[in-house]
Amino acid sequence: MPSPWLIIGLGNPGARYANHRHNIGHMVVDLLARDTGASFSRHRAGAQVAQARVGVLPGGRPGPVAHLGYLQCYMNLSGGPTKALLSYYNIAPDRLIVVHDDLDLAEHMLKLKIGGGEGGHNGLRSISQALGTRDYARLRIGIGRPPGRQNAADFVLSDFPARDKADWDVTIGRAADALVDVVTQGFVPAQQRLHTG
């Protein structure tokens, strides 16, 4: 049986950041936990974690195990807790999926990729440095570029407009579905389905 996945949704801790664009990784992991009936508990690595049975296998049996987590540190310190969780669960970096916002993708676009650069994303940079590798999976969620001359940092640390909530709820649902596909079908089939669907 393949080793479980560790799925980390990036974001900043606390209520003041909860609805920011930068926290969309949190939102996706929260939805996946709700959909699977998993509940989060505090982990000594500095994270909230939940063990989920993801998807449904033939015959209606519960799907594979995945560990879902979001970190209780600021984005630029994501590496240490992520490395600690991989160690605790004895999961290799090639079974890690990091869910994050991406300024370089158009709003609502989803991309699965393995490795590559961090695109200026402080959370990814911290994880790559802590793990000593960039060869882990990412689910990139496009949030687009800031309008006009707005600073990129101000843009990612601002809420999604209330008028767009329904559209973002759909995107968050599609992202959670993509994670289910990774866990139940494997990374490459899930990537092909996402990118051609």
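Two colleagues talk through how some features of this predicted model get their names.

Colleague: Before we start, what are the ground rules?

Modeller: Residues are numbered from 1 along each chain as its sequence is written, and side-chain values use heavy atoms, with hydrogens and water left out. As the model is predicted, local features need pLDDT of at least 70 and side-chain atom pairs count only at pLDDT 80 or more, while totals for chains, interfaces and linings use all residues.

Colleague: Happy with that. Why is the pair Y17 and Y74 called edge-to-face?

Modeller: Rings of Phe, Tyr and Trp (its six-membered ring) pair if their centres lie within 6.5 Å; planes under 30 degrees apart count as stacked, over 60 as edge-to-face and the rest as tilted. The centres of Y17 and Y74 are 5.8 Å apart and the planes stand at 80°, so the pair is edge-to-face. A search of the whole structure finds four aromatic pairs.

Colleague: Where do Y17 and Y74 sit in the chain?

Modeller: Y17 is in the loop between β1 (5-9) and α1 (24-36), and Y74 is in the loop between β4 (65-71) and α2 (79-89), 57 residues apart. Helices (H or I, at least four residues) and strands (E, at least two) are DSSP runs, numbered from the N terminus.

Colleague: What makes Y17 buried?

Modeller: Buried means under 20% relative accessible area, exposed over 50%, and partly exposed in between (1.4 Å probe, protein chains only). Y17 has 12%, so it counts as buried. Y74, at 43%, is partly exposed.

Colleague: And how do you know that R138 lies over the face of Y136?

Modeller: A charge sits over a ring if NZ of Lys or CZ of Arg is within 6 Å of the ring centre and within 35 degrees of the ring normal. R138 is at 4.4 Å from the ring centre of Y136 and lies over its face.

Colleague: Now the sheet: what makes β2 and β6 edge strands?

Modeller: Two strands pair if DSSP finds at least two bridges between them. The open sheet has seven strands in the order β2-β3-β4-β1-β5-β7-β6, with mixed pairing. Both β2 (41-43) and β6 (110-114) pair on one side only.

Colleague: How many bridges join β5 to β7?

Modeller: Six, between residues 96-102 of β5 and residues 137-142 of β7, and the two strands run parallel. D102 stands opposite G142 in β7.

Colleague: Next, why is the contact between R134 and E118 called a salt bridge?

Modeller: A salt bridge is a side-chain nitrogen of Lys or Arg within 4 Å of a carboxyl oxygen of Asp or Glu. The side chains of R134 and E118 meet at 3.1 Å, N to O. By this rule the count comes to five salt bridges. R134 is partly exposed at 45%, whereas E118 is buried at 12%.

Colleague: Which helices does the salt bridge of R193 and D181 tie together?

Modeller: Their side chains meet at 3.4 Å, N to O. R193 lies in helix α6 (residues 187-196) and D181 in helix α5, so the pair ties together parts twelve residues apart in sequence. K165 and D169 also form a salt bridge, at 2.8 Å, and both lie in helix α5, four residues apart, about one turn of the helix.

Colleague: Last one: what is the phi of N90?

Modeller: N90 has a positive phi of about 55° although it is not a glycine. Most residues other than glycine have a negative phi. N90 is found in the loop between α2 and β5, and at 67% relative accessibility it counts as exposed.
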